[in-house]
Amino acid sequence: MMGPGFGYGGFGIGGGFGMMFFGIIIIGLVVYFLLKGQNGNRFTAPQPVPNNEALDIAKSRLAKGEITTEEFETIKKSLL
């Protein structure tokens, strides 16, 4: 005779609810690690990449005398 926690309707490890609960946890972990592996660490914000072309244009404008050193520093800070 089956006691509480065993069989199809029990709530123990051998029961249906316990097995379903652990199955859902395992499936969730597998999906989590698959997604994390594909996208790397997707929970951090991407770091901005400095635009070297814009900085080169600002340097040439400074060399030509079109902008002042203070204006160049302001542009440089906004780009980096």
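Patches are made of residues with over 30% relative accessible area and no salt bridge, where like charges are joined within 9 Å and nonpolar side chains (Val, Leu, Ile, Met, Phe, Trp, Tyr) within 5 Å. What you have open is a predicted model, in which local features need pLDDT of at least 70 and side-chain atom pairs count only at pLDDT 80 or more, while totals for chains, interfaces and linings use all residues. Residues are numbered from 1 along each chain as its sequence is written, and side-chain values use heavy atoms, with hydrogens and water left out.

**The whole chain**

Begin with the protein chain in cartoon form, where there are three helices and zero strands, in the order α-α-α along the sequence; helices (H or I, at least four residues) and strands (E, at least two) are DSSP runs, numbered from the N terminus. Among contacts in the chain with a separation of 6 or more, residues 24 or more positions apart account for 13%, contact meaning heavy atoms within 4.5 Å.

**The nonpolar patch**

Next select Phe17, Met20, Phe21, Phe22, Ile24, Ile25, Leu29, Tyr32 and Phe33, which make a nonpolar surface patch of about 910 Å². Tyr32 belongs to helix H1, residues 16–39.

Phe21 and Phe22 form an edge-to-face pair, 5.7 Å centre to centre and with 65° between the planes. Rings of Phe, Tyr and Trp (its six-membered ring) pair if their centres lie within 6.5 Å, and planes under 30 degrees apart count as stacked, over 60 as edge-to-face and the rest as tilted. Phe21 is partly exposed at a relative accessible area of 44%, and Phe22 is partly exposed at 41%. Move on to Tyr32 and Phe33, whose ring centres are 5.1 Å apart with planes at 70°, so this pair is edge-to-face. Here Tyr32 counts as partly exposed at 35% relative accessibility, whereas Phe33, at 51%, counts as exposed.

**Helix H2 and what follows**

Select residues 52–64, helix H2, whose 13 residues reach 18 Å from the first C-alpha to the last, close to the 18 Å expected at 1.5 Å a residue; the expected span is 1.5 Å times one less than the number of residues. Gly65 follows H2 and has a positive phi, near 85°.

Which residue forms a salt bridge with Arg61? The partner is Glu66, with the closest N and O atoms 3.2 Å apart, and the count for the structure comes to one salt bridge, defined as a side-chain nitrogen of Lys or Arg within 4 Å of a carboxyl oxygen of Asp or Glu. Arg61 is partly exposed at 34% relative accessibility, as is Glu66 at 47%.

Finish on Leu62, which lies in helix H2 and is partly exposed, with a relative accessible area of 29%. Leaving aside neighbours within four places in sequence, Leu62 is in contact with Ile67, Thr68, Thr69 and Phe72. A distance drawn from Leu62 to Phe72, C-alpha to C-alpha, comes to 6.7 Å, although ten residues separate them in sequence.

Methods
Buried means under 20% relative accessible area, exposed over 50%, partly exposed in between (1.4 Å probe, protein chains only). Accessible areas come from the Shrake-Rupley method with a 1.4 Å probe; for residues, only the protein chains shown count as cover.
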